[in-house]
Amino acid sequence: PKQYVQQVLGGMGAELAAMLSEEAGGHVYVCGDARMADACVDAIKEAVHQFGKNEDGSGMSAMQAALVTTKLKRDNRLQFDVWGIMANVQESVEHFQKKRTQAAKEWLKKMHAHDDEEE
């Protein structure tokens, strides 16, 4: 059966979180499609959230896990060699423009409704 990198990472959550702890100092290199890389980052965040520990031994919140992932990137312990970024950027821009256009149309509709009420 077909298996994706992010699924493999998700299946080794406890091991991954331990490897990426400050004490262990592990590194992750993600190579491939940009969308796959995003899914891998999500899997890493989830592993750190579920299995990562704070200095006092307590579990990590989702926000703390996101901060750990950001720190891993900043410290070059989470690195990427990806392609497809431009396609994803274009997709994101189009999505943003569509949302903005819809919000503007809704605002105009409300303003016209308000004007009609005043007359």
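Against which elements do the buried residues of helix 4 pack? They pack against helix 3 and strand 2. The sections below set out the parts involved.

## The model and its numbering

This is a predicted model, in which local features need pLDDT of at least 70 and side-chain atom pairs count only at pLDDT 80 or more, while totals for chains, interfaces and linings use all residues. Residues are numbered from 1 along each chain as its sequence is written, and side-chain values use heavy atoms, with hydrogens and water left out.

## The chain as a whole

The chain has 5 helices and 2 strands. Read from the N terminus, its elements follow the order α-α-β-α-α-β-α. Helices (H or I, at least four residues) and strands (E, at least two) are DSSP runs, numbered from the N terminus.

Of the 119 residues in the chain, 23% are buried. Buried means under 20% relative accessible area, exposed means over 50%, and partly exposed is in between (1.4 Å probe, protein chains only). The accessible surface of the chain is about 8900 Å², and carbon and sulfur atoms account for 56% of that surface. Accessible areas come from the Shrake-Rupley method with a 1.4 Å probe; for residues, only the protein chains shown count as cover. Contacts (heavy atoms within 4.5 Å) were also counted: among those between residues at least 6 apart in sequence, 65% join residues at least 24 apart.

## Helix 3

Helix 3 covers residues 34-51, and its 18 residues should span 26 Å at 1.5 Å a residue; the end C-alpha atoms are 26 Å apart, which agrees. The expected span is 1.5 Å times one less than the number of residues. The buried residues of helix 3 include Ala34, Cys40, Ile44 and Val48. Seen down the helix axis, the buried residues of helix 3 fall within an arc of 165 degrees, so they line one face. The arc is that of the directions from the helix axis to the C-beta atoms. An α-helix has 3.6 residues a turn, so residues three or four places apart point the same way.

The face turned away from the buried side of helix 3 carries the exposed residues Arg35 and Gln50. At the N-terminal end, aspartate 33 caps helix 3, with a side-chain oxygen 2.9 Å from the backbone nitrogen of arginine 35. A polar contact is a pair of N or O atoms within 3.5 Å; within protein, one must be able to donate a hydrogen and the other to accept it, and residues adjacent in sequence count only if both atoms are side-chain atoms.

Glycine 59 lies in the loop between helix 3 and helix 4. Glycine 59 is partly exposed, at a relative accessible area of 45%, and touches Gly52, Asn54 and Gln64, leaving out residues up to four places away in sequence. From glycine 59 to valine 48 the distance is 9.0 Å, C-alpha to C-alpha, with the two 11 residues apart in sequence.

Helix 4 has 13 residues and reaches 18 Å from its first C-alpha to its last, close to the 18 Å expected. Its buried residues are Ala65, Thr69 and Leu72. Down the axis of helix 4, these buried residues fall within an arc of 60 degrees, so they line one face of the helix. On the other side of helix 4, Met63, Leu67 and Arg74 are exposed. After helix 4 comes asparagine 76, whose phi is positive, near 60 degrees. Asparagine 76 is partly exposed, with a relative accessible area of 45%.

## Arginine 77

Arginine 77 sits in the loop between helix 4 (62-74) and strand 2 (78-83). Arginine 77 is buried, with a relative accessible area of 9%. Its side chain reaches two backbone oxygens: that of serine 21 at 3.2 Å and that of glycine 26 at 2.9 Å. Beyond residues up to four places away in sequence, the residues that arginine 77 touches include Met19, His27, Val28 and Leu72.

## Strand 1 and the cysteines

Tyrosine 29 belongs to strand 1 (residues 28-33) and is exposed, with a relative accessible area of 55%. Tyrosine 29 and leucine 78 are 49 residues apart in sequence, and their C-alpha atoms are 6.0 Å apart in space.

Cysteine 31 is exposed, with a relative accessible area of 55%, whereas cysteine 40 is buried at 0% relative accessibility. A search of the whole structure finds 0 disulfides, a disulfide being a pair of cysteine sulfur atoms within 2.5 Å.
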